[in-house]
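Q: I would like to go through this model step by step, starting with the ligand. Could we have the structure on screen?

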Amino acid sequence: MRIPLVDLAAQHREVEDEVRQGWDEVLGNTSFILGQHVAAFEEEFARFSGVEHCIGVGNGTDALELALRAVGVGPGDEVVVPANTFIASALAVSRTGARPVFVDSDPVHHLIDVEQVKGAIGDRTKAILPVHLYGQMAEMERLLPLAEEAGVAVVEDAAQCQGATRNGQPAGSFGVAAGTSFYPGKNLGAYGDAGAVLTNDDEVCTRVRSLRAYGSEQKYHHPELGFNSRLDTLQAVVLRAKLSRLARWNAQRVEAALRYEALLEDVERVVLPQTLAGNGHVWHLYVIRVPERDRVLKALNDGGVGAGIHYPVPCHLQGAFSELGHVNGDFPVAERAAEEILSLPLFPQITEEQQVTVVAELRKALG
Ligand SMILES: Cc1ncc(COP(=O)(O)O)c(C=O)c1O
């Protein structure tokens with residue numbers, strides 16, 4: 001692709017020296033598991049996210065599963081989750097033994113539909129898992145009172161929202177816990193799999209620390225069944241280097257999004273992404289809607305533009321969840337989005353020239 005969806009090489013160039021220096025140090029002292037860099041990153045990312053505790057884990061899916069388990073979600077429970085998200089949000093629920101209860105999204109921002117959440121809460125509901133999708137946050141000020149009234153926990157999926165805010169408050173600091181992903185293409189991305197749980201709750205923190213380390217707080221003593229899911233030390237070095245640049249990179253994403261908005265203003269038949277009032281959007285993805293999406297996507301890809309789809313099949317229609325018995329038509333907003341959405345290349349280092357080319361190719365593709 002002439003213009004990739006995400007240019008990780010451009011990002012790497014900015015942190016290369018720092019990463020090499022840090023990696024040399026780790027290779028020199030062979031302190032490969034946890035250690036000083038992981039502890040320092042956990043502290044730095046907790047501060048960045050406005051929470052007391054950050055616990056580094058192996059990936060974002062584990063982060064969500066461990067967060068759910070730590071707040072007591074398990075077999076027989078239900079967790080309300082949007083159908084329009086990456087499968088990992090719902091997979092994390094299933095892996096605890098609980099059942100995901102899907103709800104639709106709002107048609108403008110593609111975020112969890114709060115009205116439907118009300119209807120989805122039942123006797124077995126243990127938690128709500130809002131997903132802060134594409135770089136902007138769900139309506140936490142409406143979800144939290146609902147959860148409180150029902151006596152259920154809120155666990156945020158903050159995988160696509162590092163640095164985003166809702167009415168000035170950072171993503172991951174609203175619920176009893178949050179899980180985030182540092183998959184390489186995320187706003188804060190590692191050089192492999194990595195993730196973290198965020199929480200203000202001391203007990204949840206202790207449980208997640210135990211769960212990530214074989215169910216153990218004290219070496220070789222295992223009062224519960226746990227996992228091996230720790231943030232890798234080499235990844236912590238990368239994440240520290242990138243975290244110190246994240247605010248600037250997010251600001252560059254905002255600039256790029258504004259530029260797309262201006263460039264796309266007069267392009268007919270394109271629906272532009274909208275920011276929900278009160279959100280500090282960090283533009284993890286720039287998701288437009290177009291007619292004949294698959295044809296347009298192919299034309300863009302053929303023209304050297306690395307556009308993508310996030311996501312082509314909503315969770316409720318995935319084979320993995322077939323036993324829930326959903327059919328086409330259950331969540332029409334998510335289903336329609338899956339047919340129309342198209343993610344344009346967006347990353348902090350994208351140039352005006354690249355964006356002009358993307359939009360020119362899009363005009364051509366739309367005919
Ligand atoms: C919304 C969402 N939730 C969860 C995840 C899972 O993260 P990971 O791939 O690190 O397991 C991702 C990213 O992949 C995501 O985009």
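Q: Which pocket does the ligand take up?
A: This is a predicted model. In it, the space taken by the ligand is the largest pocket.

Q: Which elements give two or more residues to the shell around the ligand?
A: They are α3, residues 60-70, and α4, residues 87-95.

Q: And which one gives the most?
A: That is α3, which contributes three residues to the shell.

Q: How many residues surround the ligand, and which are the closest?
A: The ligand is surrounded by 15 residues. The closest are Gly 60, Thr 61, Asp 157, Ser 181 and Lys 186.

Q: How do the shell residues divide into nonpolar, polar and charged?
A: Six are nonpolar, seven are polar and two are charged.

Q: Let us turn to polar side-chain atoms. What is the distance from Ser 181 to an oxygen atom of the ligand?
A: A polar side-chain atom of Ser 181 lies 2.7 Å from a ligand oxygen. For Gln 160, a polar side-chain atom is 2.9 Å from an oxygen atom of the ligand.

Q: And the side chain of Lys 186?
A: An N or O atom in the side chain of Lys 186 is 3.1 Å from an oxygen atom of the ligand.

Q: What share of the ligand does the protein bury?
A: Taken alone, the ligand exposes 380 Å², and the protein buries 93% of that area.

Q: Changing topic: in what order do the three strands of the open sheet stand?
A: The order is β7-β6-β10, with antiparallel pairing.

Q: Why is one side of β7 and of β10 left without a neighbour in the sheet?
A: Strands β7 (169-170) and β10 (279-280) stand at the edges and each has a single partner strand, so one side of each lacks a neighbour in the sheet.

Q: How many bridges join β6 and β7?
A: Strand β6, residues 165-166, pairs with β7 over two bridges in the antiparallel sense. Within this pairing, Arg 166 stands opposite Gln 169 in β7.

Q: Now the backbone. Which peptide bond is cis, with omega near 20°?
A: The bond from His 310 to Tyr 311 is cis, with omega near 20°. Tyr 311 is placed in the loop between α9 (293-302) and α10 (332-340).

Q: What about Leu 34: is its phi positive or negative?
A: Leu 34 has a positive phi of about 50°, although it is not a glycine.

Q: Where is Leu 34 found?
A: Leu 34 is in the loop between α1 (8-29) and α2 (35-49).

Definitions and conventions. Residues are numbered from 1 along each chain as its sequence is written. This is a predicted model: local features need pLDDT of at least 70, side-chain atom pairs count only at pLDDT 80 or more; totals for chains, interfaces and linings use all residues. Side-chain values use heavy atoms; hydrogens and water are left out. Two strands pair if DSSP finds at least two bridges between them. Helices (H or I, at least four residues) and strands (E, at least two) are DSSP runs, numbered from the N terminus. A residue is near a molecule or strand if one of its heavy atoms lies within 4 Å of it. A polar contact is a pair of N or O atoms within 3.5 Å; within protein, one must be able to donate a hydrogen and the other to accept it, and residues adjacent in sequence count only if both atoms are side-chain atoms. Accessible areas come from the Shrake-Rupley method with a 1.4 Å probe; for residues, only the protein chains shown count as cover. On a 1 Å grid over the protein atoms alone, a cavity is a set of points where a 1.4 Å probe fits but cannot get out, and a pocket is an open set with protein on both sides within 12 Å along at least five of seven lines; lining residues have an atom within 4 Å of a point. A molecule sits in a cavity or pocket if more than half of its atoms lie within 2 Å of its grid points. Ala, Val, Leu, Ile, Met, Phe, Trp, Tyr, Cys and Pro count as nonpolar, Asp, Glu, Lys and Arg as charged, and the others, Gly among them, as polar.
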